Amino acid sequence: MPEILVQYEAEIWQSIGETITMVGVSILAAILIGLPVGTLLFLSRKGHLLENPWTFSILNLLVNIIRSFPFLLLVVFLIPFTRLIIGTAIGTASACVPLAIIAIAHYSRLVEQSLLDVPKGVIEAAISMGASVKDVIFKFLYVEARSGLVLGLTTSIISFISYSTIMGVVGGGGIGDFAIRYGYQQFKTELMIYMIIIMIILVQLIQFIGTAVARMIDKR
Amino acid sequence: MINLDQVSKNFSQFQAIKSVTLTIPKGEIHGIIGASGAGKSTLLRLMNLLEAPHAGEVEVNGQSLTTLNNKALRGARKSIGMIFQHFNLVANKTVYDNVAASLELANYPKKERRNRVVECLQFVGLEGEMERYPAQLSGGQKQRVAIARALANNPQVLLCDEPTSSLDPNTTAEILDVLQNINKRFGVTIVIVSHELDVIKSICNRVSIMAEGEIYDTVIIEPTGIQKKDNRPEYFIEQLAENGGLGHA
């Protein structure tokens, strides 16, 4: 192993841990909140099962607003909110707040798009068999859209990694922050390049797994 | 039995169905034919309230669907099967699971599900394809799966929306055979929407001719051909020609 990596081994492992924490929280937020929000965006659309112009417009606007912020500004803008729920605006836990919010907005849009790809006829067949809205969602929509949902999540996770790299501004740490503070600011270009290589491997790995899983569960 | 009483349906400004009254007795195979945009699919979809009427009453199996709440309507739909032009199978479910889904929705006793699915697939001749996915089947086979799925809950009524319109002539004949069998063996009332005269002629007892959201006439089909009460077999074809002929739905 290159000497410089050995020298900073402890810091590198710590920053990898911070990245995993931040991205992990983002993934949880995406699945637990982004998935239902995206589903509701889809269902409340005109001509769909729970058509409701108000619900759709409000959710649609919120998602658009959050996604139109340059992410760095969103982090700064959310500081009072972060302080309210975490108690401080600094640290890895605090960094998770804006990350979770962008994760929800990001993935919900991709969920909506995946669900729009489900043929309307399948939903109609479900209704004609006496399916309730809940049945339609869990036994038909998610089954039929599952590979799109996985591919969307893969794309989202890669974005979350990218977003997490700037969390150094609020002391969130992570690989990106380490690369900037030690590699860039201390002129250890070699160290920075190693960090970039770690990120590339991470992203490749996630994309590989996501694509493989999506292909495996796609029977269309 | 199906009873439509002065049923109307609008799509924004457009009057798709204009106060239609129609009674289809139990055990009949009833055709609905007409040009594109005549409202035949909409009329069919009113029979299980896939489209809700703006006025009038829809009664199926002695139950007035228009007065039911959501839960009761879902229950009523379980005894009204439906098949479609594009089959509408769940592509990510196996043949077996597609049929089983319909039983699951109806809370069919778990232990008996497997037997029932196999029974239905045997009826349509697909018991050997249970573990395959729809993408691996031909069009005719897909429609058979859809029929098995629609039959699983022992419906009293089977609604067919252009069931053979994306199939070749041989496969069409096979599917019509299956439908006729269902009618004969289980006494299921069948309603078929089609723009193909041959389809209607080969299996229907009566046919309603639609034009511009109204039933122009309902005529009896005799083994010798289409007969109107005044015994002019050519009448039906003349009428269709006058109303713009047979387009693709």
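Analyst: Let's start with the words: helices (H or I, at least four residues) and strands (E, at least two) are DSSP runs, numbered from the N terminus. This is a predicted model, in which local features need pLDDT of at least 70, side-chain atom pairs count only at pLDDT 80 or more, and totals for chains, interfaces and linings use all residues. Residues are numbered from 1 along each chain as its sequence is written, while chains are lettered from A and ligands numbered from 1 in the order in which they are written.

User: Okay, how many helices and strands are there in chain A?

Analyst: Chain A has 10 helices and 0 strands. Following the sequence, you'd write the pattern as α-α-α-α-α-α-α-α-α-α. The C-alpha trace of chain A spans about 65 × 40 × 25 Å along its principal axes.

User: What percentage of the residues in chain A is buried?

Analyst: A residue is buried if 20 or more other C-beta atoms, placed from the backbone, lie within 10 Å of its own, exposed if 12 or fewer, and partly exposed in between. In chain A, 40% of the 220 residues are buried. We can look at contacts too: two residues are in contact if their C-beta atoms, placed from the backbone, lie within 7 Å. Of the contacts in chain A with a separation of 6 or more, 68% link residues 24 or more positions apart.

User: At what angle do H3(A) and H6(A) pack?

Analyst: Two packed helices are described by the angle between their axes and the distance between the axes. Axes are lines fitted to C-alpha atoms, for helices over the stretch in contact, and angles run from 0 to 180 degrees between N-to-C directions. Helix H3 (residues 53-68) and helix H6 (residues 92-116) of chain A pack at about 120 degrees, their axes 9 Å apart. H3(A) and H6(A) are therefore oblique to each other; angles under 35 degrees count as roughly parallel, over 145 as roughly antiparallel, 65 to 115 as roughly perpendicular and the rest as oblique. On the H3(A) side you'll find Val63(A), Ile66(A) and Arg67(A), and they meet residues of H6(A) including Ile101(A) and Ala105(A).

User: How far apart are the axes of H2(A) and H6(A)?

Analyst: Here the axes lie 6 Å apart, and helix H2 (residues 9-44) of chain A packs on H6(A) at about 40 degrees. That makes H2(A) and H6(A) oblique as well. By class, their contact has 19 nonpolar, 7 polar and 3 charged residues. Ala, Val, Leu, Ile, Met, Phe, Trp, Tyr, Cys and Pro count as nonpolar, Asp, Glu, Lys and Arg as charged, and the others, Gly among them, as polar.

User: On to chain B. In what order do the strands of the open sheet come?

Analyst: Two strands pair if DSSP finds at least two bridges between them. The 4 strands of this chain B sheet come in the order S2-S1-S4-S5, with antiparallel pairing. Strand S2 (14-24) and strand S5 (63-64) are at the edges with a single partner strand each, so one side of each has no neighbour in the sheet. Strand S1 (residues 2-11) and strand S4 (residues 55-60) of chain B are joined by 5 bridges, and Ser8(B) has Ala55(B) as its bridge partner in S4(B).

User: Which residues of S6(B) are buried on each side?

Analyst: In a regular strand the side chains alternate between the two faces of the sheet. Strand S6 (residues 80-83) of chain B is covered on both faces, with Ile80(B) and Met82(B) buried on one side and Gly81(B) and Ile83(B) buried on the other. S6(B) also pairs with strand S7 (residues 157-161) of chain B, in the parallel sense over 4 bridges.
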